[in-house]
Amino acid sequence: MSVLLVEDDMSIAIVITAALEAEGFEVVRCDSIAERDRLLGQQRFSALVTDVMLTDGDGIATIDRVRAVDPDLPIIILSAQNTLDTAVRATDTGAFEYFPKPFDIDDLARTVRQAVGSNAAKSGAEEEGPPAGLPLVGRSAPMQAVYRMITRVLRNDLTVLVLGESGTGKELVAEAIHQLGQRRDGPFVAVNTAAIPGELIESELFGHEKGAFTGAVARHVGKFEQANGGTLFLDEIGDMPMQAQTRLLRALQSGSIRRVGGRDEIKVDVRIIAATNRDLQPMIAAGTFREDLFYRLNVVPITLPPLRERADDIPALARHFLALAAQEGLPRRQLSENAAALLSRQPWRGNVRELRNFIYRLALLSREDVVDAASLAPLLADVPRSEGGAEGEGLDAAVHSWLASNSPAVGTVYDAALAAFERPLFEAVLRETHGNQLRAAQVLGINRNTLRKRLSELGIAPGELVR
Ligand SMILES: Nc1ncnc2c1ncn2[C@@H]1O[C@H](COP(=O)(O)OP(=O)(O)OP(=O)(O)O)[C@@H](O)[C@H]1O
Ligand SMILES: [Mg+2]
């Protein structure tokens, strides 16, 4: 049994050869696509192990030529180009396995043995390749694990549970699974179960018949039915009320739903992707999350790493967001190496979302086209760092002490509080924009005339804020 190894990195090739020979294979090595094709024409192999980036071409893009010679040859792809794009392209070819570098050499040898044993190579080429412009950025080892999991669920309808802290990209992963998977031509319907009042959640998910409850003036088709033929994304699943959990479980078990107030069981064909930033185990223990629902959803868990555990990805993400910001009409900026390094050292408690928002502000506020560490540092210093977690905790305390010390008159509390909040907010943003009201309005996301009006009402003179 001989294995054809296409690898131009001599040191890797030697290690792989030794490991495969130890498994009892004869290894024929070459370092180019042309050489690969010549060898395939001469001799039959039991498996092909190939690198992607070779001097004379791309090991994945030219895989059809291998298939033409030997449609059933198991193919194992190795790549240092560890993007989701490569992972997906590799799996799309029907490759037996895809190994991002660096990989465990024993794992590879075992896989080659399995591939040859099961002769499992499915004739691939189901499609022309993945859609361009994949949304996920980052090549760190923890993200590799995520990409691998994503590619494993693209060709099936297994239920996926996406876990991870807030802002780590859970929704993006759900969208990627839908867009790259076999249901991409169907609808992608997202429901944020935390945002719907408890009493409406069942009607949102399953729909209702006219007259089912007060206010149900017309029949309503729920999210399950809307998602028929596609993917239903159940976001913030950990915040779903108990009663809705029970109905959800029943729908998942039966593959059909019943509208609120309706009698008919309606078959639905949906793939479920759920997500939460909560730790479900303690909730199960406390009886606030159904254990049986957890097992139904947790078929394939995909856990997104917090950004602080993949600081290597921060420069790439930052540059990605600068490019997006430019596409959206903000000034085009670049990051110097030392600026990227400085960003990588920040804690980013709000994960990718916080980084993204910061980069957009940077694009807007920076005075240079190439941002270096020196001009980045003051902006970073302004990033609010809430101590001890929960967003808004500082404001919470501030509201309490403000109420206590000001005790505004009944009937004026709201306006007084709003003014008290707006003043430091507007002043902080105006200082950041060096008194530029147009930019301040953009940063705040409010109309510039609204801002101007409020400033004059509050008696804030932007010019005086510029140091
Ligand atoms: N790997 C990534 N590459 C590029 N952009 C990313 C990545 N991860 C997250 N983002 C971006 O970061 C932002 C937050 O991501 P997303 O909304 O998916 O987070 P989430 O995990 O669903 O957060 P939450 O729990 O708060 O809902 C989005 O703008 C998303 O596009
Ligand atoms: Mg989300």
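This is a predicted model: local features need pLDDT of at least 70, side-chain atom pairs count only at pLDDT 80 or more; totals for chains, interfaces and linings use all residues.
1. Residues are numbered from 1 along each chain as its sequence is written, while chains are lettered from A and ligands numbered from 1 in the order in which they are written.

2. Strand S1 (residues 2–6) runs parallel to S2, and 5 bridges join them. Two strands pair here if DSSP finds at least two bridges between them. Helices (H or I, at least four residues) and strands (E, at least two) are DSSP runs, numbered from the N terminus. Strands of a sheet pair through backbone hydrogen bonds, either parallel or antiparallel.

3. The whole sheet is open and has 5 strands, ordered S2-S1-S3-S6-S7, with parallel pairing. Strand S2 (26–30) and strand S7 (97–100) each have a single partner strand, so one side of each lacks a neighbour in the sheet. From one strand to the next, the twist averages 15 degrees. Helix H1 (residues 10–22) packs on this sheet and touches S1, S2 and strand S3 (47–51). The direction of H1 makes about 160 degrees with that of S2. Contact means C-beta atoms, placed from the backbone, within 7 Å. Axes are lines fitted to C-alpha atoms, for helices over the stretch in contact, and angles run from 0 to 180 degrees between N-to-C directions.

4. Look next at the loop between S7 and helix H5 (105–118), where Pro102 lies. The peptide bond from Lys101 to Pro102 is cis, with omega near 0 degrees. Most residues other than glycine have a negative phi, and most peptide bonds are trans. Glu236 is not a glycine, yet it has a positive phi of about 55 degrees. Glu236 sits in the loop between S12 and helix H10 (242–254).

5. A second open sheet also has parallel pairing, with 5 strands in the order S9-S12-S15-S8-S16. Its edges are strand S9 (188–192) and strand S16 (300–303); each has a single partner strand, so one side of each is left without a neighbour in the sheet. The twist here averages 20 degrees from one strand to the next. Strand S8 (residues 160–163) pairs with strand S15 (residues 271–276) in the parallel sense over 4 bridges. Leu163 has Thr276 as its bridge partner in S15. H7 packs on the sheet, touching S8, S9, strand S12 (231–235), S15 and S16. The direction of H7 makes about 165 degrees with that of S15.

6. The domain assignment gives domain 1 (2–118), domain 2 (141–303), domain 3 (308–381) and domain 4 (394–465). Such bounds come from an automatic or database domain assignment. Between domain 2 and domain 4, the C-alpha centres lie 39 Å apart.

7. Where is ligand 1? It lies between domain 2 (141–303) and domain 3 (308–381), because both give residues to the shell around it. That shell has 18 residues, of which Ser166, Gly169, Lys170, Glu171 and Val352 come nearest. A residue counts as near if its C-beta atom, placed from the backbone, lies within 6 Å. Helix H7 (170–180), helix H13 (314–327) and helix H15 (351–365) each give two or more residues. By class, the shell has 6 nonpolar, 8 polar and 4 charged residues. Ala, Val, Leu, Ile, Met, Phe, Trp, Tyr, Cys and Pro count as nonpolar, Asp, Glu, Lys and Arg as charged, and the others, Gly among them, as polar.

8. Helix H14 (residues 337–344) packs with helix H16 (residues 373–381) at about 30 degrees, their axes 8 Å apart. H14 and H16 are therefore roughly parallel to each other. The contact uses Asn338, Ala339 and Leu342 of H14, and Ala373, Leu376 and Ala377 of H16. These are 5 nonpolar, 1 polar and no charged residues. Angles under 35 degrees count as roughly parallel, over 145 as roughly antiparallel, 65 to 115 as roughly perpendicular and the rest as oblique.

Definitions and conventions
Two residues are in contact if their C-beta atoms, placed from the backbone, lie within 7 Å.
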